[in-house]
Structure formats: structure tokens, C-alpha cells
Amino acid sequence: MIDIVCCPTPFLVGLLSSSLPKLKDLPVEEALMVNLGSDRFIRQMDDEDTLLPRKLQAALEQALERKNELINQDSDSDSDDECNTLNGLVSEVFIRFFVETVGHYSLFLTQNEKGERAFQREAFRKSVASKSIRRFLEVFMESQMFAGFIQDRELRKCRAKGLFEQRVEQYLEELPDTEQSGVNKFLRGLGEE
């Protein structure tokens, strides 16, 4: 199955280190390869250090470090409960990151005369005060992940309230009228939960 790594579709795959010589001989394009055993990059795309604005990256790293410290203080065992708690804490950090960087998307979904919903891309991007976050959104908005996310929201007839949507609703209720994106709030509060 090692040939699957040449697939042009986004995916996450794990390989045994014994397959690494075979992997290096394949025509793999646009892939980030990480040796999880040594925490080192085998191959990078060269945009990893610049994709996230430095302040956002620092806030994420700080929040994840605090979560890790909390887990280490709470327990000395490697139980399933501890693993689930850690997974939940990491999930919370990333949910909050996405809520506070793109959670205002619903303010830019408009309905035309046919009742179809359409996303106002440029207005959404420009609504963010921070230039570095706008640059991040420019790149992120071109991703398949974001396109699928928005397409799903445009086509929805009823609003299912998953965890992300519930958090977005809370976020928008707490957001001051003068601030359409909570990036500054994110930077101040992400690591404090």
C-alpha cells in the first residue's frame, strides 16, 4: 500500500520506518513527512513556519503546553481516562482556534432571491482587522477543507448544531458589535482555559 502516498488527494498515512527507503524512491508531491519517533521532519513544504501568523502559533503552542502540564500534574498513570482527557483538551484548543478565526463565517452567508445561500468571501476576509490573520485566511480559504466547510454551510437546509456550531453561536453572542472577528480575544484567552 506504500504506492498510495503518491495520491494527489489530501490524506494522513502512517508507515513503518522500514518502508522509508521505498518511500524516498517514490514520486511524492507536496507532502509533509514527519518521523514521529524522533519528532523530526523528513520532508517539508517550506511554508510550515510562515503559514500561521506568529502570534496565533504562539497562542496555540502556549495553550497546548498548559494542557500538557495539567495532564502531567493530575495523574501518574497512563490510563484510558487520562488519554481521553488529553484528547478532549487538545480538541478544545483547536475548536477554539477555528471558532475564533473563522467562527464569524455565518455573518457572511447571504441568501439570494432564489433562496440559495452564498458566501461573501472577500467581505469575510476583510472583516478581520489583523493583516497577518487576513493573509492566513487568504491561504486557508483556498484549501479544500475550507471550500468543503463553506459548501456544506451553503447547501444546508436546516442548521444541525454540532459542537463547532454550538461554540460559534456562543462566540457570536459574546462578540462585541464592534468586533467581527475575535482574534485579539483568542490571543488573550486561548492559553488560559
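Analyst: In this predicted model, a search of the whole structure finds 12 aromatic pairs.

User: What makes the separation of Phe146 and Phe149 about one helical turn?

Analyst: Both belong to helix H6 (residues 144-155), and they are separated by about one helical turn because they are 3 residues apart. Phe146 and Phe149 are also buried.

User: Which residues do ring pairs link into a cluster?

Analyst: The cluster joins Phe97, Phe98, Tyr105, Phe108, Phe119, Phe124, Phe136, Phe140, Phe146, Phe149 and Phe164. Two of its members, Phe136 and Phe140, are buried residues of helix H5 (residues 131-140).

User: How do you know that the buried residues of H5 line one face of the helix?

Analyst: The buried residues of H5 are Ile133, Arg134, Phe136, Leu137 and Phe140. Viewed down the axis of H5, they fall within an arc of 160°, so they line one face. The face turned away from this buried side carries Lys131 and Arg135, which are exposed.

User: Why does Leu36 count as exposed?

Analyst: A residue is exposed when its relative accessible area is over 50%. Leu36 has 72% relative accessibility and therefore counts as exposed. Leu36 is placed in the loop between strand S1 (33-35) and strand S2 (40-43).

User: What makes Leu36 part of a surface patch?

Analyst: Patch residues have over 30% relative accessible area and no salt bridge, and nonpolar side chains are joined within 5 Å. Leu36 forms a nonpolar patch with Leu32, Val34 and Phe41, and together they have about 420 Å² of accessible area.

User: How many of the 193 residues count as buried, as a percentage?

Analyst: Of the 193 residues, 30% count as buried. The protein has 8 helices and 4 strands.

User: What is the predictor's confidence across the protein and its elements?

Analyst: The average pLDDT is 77, and 77% of the residues score at least 70. Among the elements, helix H4 (residues 121-126) has the highest mean pLDDT, 92, whereas helix H8 (residues 183-189) has the lowest, 50.

Note on methods
Residues numbered from 1 in each chain as written. Predicted model: local features only at pLDDT ≥ 70, side-chain atom pairs only at ≥ 80, totals over all residues. Heavy atoms only, no water. Patch = residues over 30% accessible without salt bridge, like charges linked within 9 Å, V, L, I, M, F, W, Y side chains within 5 Å. Areas by Shrake-Rupley, 256 points an atom, 1.4 Å probe, with all protein chains shown as cover. Salt bridge = Lys/Arg side-chain N within 4 Å of Asp/Glu carboxyl O. Buried < 20%, exposed > 50% of the residue type's maximum accessible area, 1.4 Å probe, protein only. Phe/Tyr/Trp six-rings, centres within 6.5 Å; stacked < 30°, edge-to-face > 60°. Arc of directions from axis to C-beta. pLDDT = per-residue confidence, 0-100.
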